[in-house]
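Let us walk through a protein model, one side chain at a time. Keep the structure open as you read.

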Amino acid sequence: MPQNNLLHAECYHYLFDAAIKLHQLGLDCSTPDHGPIRNVKGVLGCGGHISTSVKAGADSNHEIEPLRRCIVLDIEGTTTPISFVTEVLFPYARGNVGKHLSATYDTAETQDDIKLLRSQVQDDLKQGVVGAVPIPSDDAGKEDVIAALVANVEAMIRADRKITALKQLQGHIWQTGYENNELEGVVFEDVPKALEKWHALGTKVYIYSSGSRLAQRLIFGNTNYGDLRKYLSGFFDTTVGNKREARSYVEISESLGVDKPSEILFVTDVYQEAVAAKAAGLEVIISIRPGNAPLPDNHGFKTIKSFLEI
């Protein structure tokens with residue numbers, strides 16, 4: 001990574017820390033005239049600020065519908081081919097989990113990842129989840145602990161589980177891949193054009209994915225069309241809630257500060273997510289992309305094949 005990028009990353013690290021502390025105090029560092037913000041977990045703004053109370057797109061007009069203040073996008077099957085996730089990202093994480101844990105085992109970051117995994121595996125063992133194996137205590141030695149972690153993580157990846165413990169570790173593994181130029185994020189051709197258009201019109205665009213916020217920033221910061229994060233206002237992950245539960249979209253609506261949930265457009269390829277978002281009052285469009293799963297007959301949602309149709 002070039003030295004200037006490292007300096008920028010270090011600056012953003014301190015900005016994130018400062019922003020999080022302000023957020024915990026109920027202060028919005030990005031919109032000083034808007035007063036206290038709601039304490040909603042799971043969204044960090046693009047560029048290092050908390051984006052939780054922005055009256056997004058209040059000056060939007062022109063081609064954007066008057067009540068559409070924000071657009072929230074899914075990633076897999078919506079902005080990005082499913083094949084990139086299943087054939088590139090997942091195999092990379094699976095193939096490097098042992099190497100990553102061995103190289104970073106004593107760091108605070110990896111110890112936090114291990115703590116989350118231990119907790120998740122304990123729950124999995126109680127529930128009889130297939131593939132879960134006990135993780136020995138640290139007294140058993142680093143090699144035995146890592147071997148058990150690898151077995152559990154591989155089983156989680158095979159099952160495509162949408163759990164924070166897995167997604168957080170994957171994000172850290174992928175970060176190394178991007179830094180070493182072993183990975184490049186992929187988005188569909190229409191995505192950068194649409195993001196640029198919406199940005200120019202003042203429409204705030206957010207990402208909501210089961211992948212960690214770090215993983216989301218890595219994809220959009222290292223795409224086949226360059227760094228697209230300048231067009232994004234924030235990132236939601238599963239800490240705000242499961243994507244198939246209506247309450248998650250209520251949380252998102254409250255965090256974005258819109259007057260009505262219908263001022264938010266949610267775009268996804270997953271029918272169950274569309275149903276949940278609609279139940280929360282959001283406007284919903286389903287993305288039809290190559291490789292996506294077929295939709296139920298008479299699903300009742302508007303569909304698009306390109307963001308340029310929005």
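Start with one aromatic cluster, formed by Y206, Y208, F236, Y249 and F266. This is a predicted model, in which local features need pLDDT of at least 70, side-chain atom pairs count only at pLDDT 80 or more, and totals for chains, interfaces and linings use all residues. Residues are numbered from 1 along each chain as its sequence is written, and side-chain values use heavy atoms, leaving out hydrogens and water.

The structure holds six aromatic pairs. Rings of Phe, Tyr and Trp (its six-membered ring) pair if their centres lie within 6.5 Å; planes under 30 degrees apart count as stacked, over 60 as edge-to-face and the rest as tilted. Y208 and F236 pair edge-to-face, 6.4 Å centre to centre with 80° between the planes. Y208 lies in strand β3 (residues 204-208) and F236 in strand β4 (residues 234-236), so the pair ties together parts 28 residues apart in sequence. Strands (E, at least two residues) and helices (H or I, at least four) are DSSP runs, numbered from the N terminus.

Y208 has another partner, Y249: the ring centres are 5.5 Å apart and the planes at 75°, so this pair is edge-to-face. Y249 lies in helix α8, so the pair with Y208 in strand β3 ties together parts 41 residues apart in sequence.

Buried means under 20% relative accessible area, exposed over 50%, partly exposed in between (1.4 Å probe, protein chains only).

Helix α8 (residues 246-256) also holds S253. S253 is buried, at 5%.
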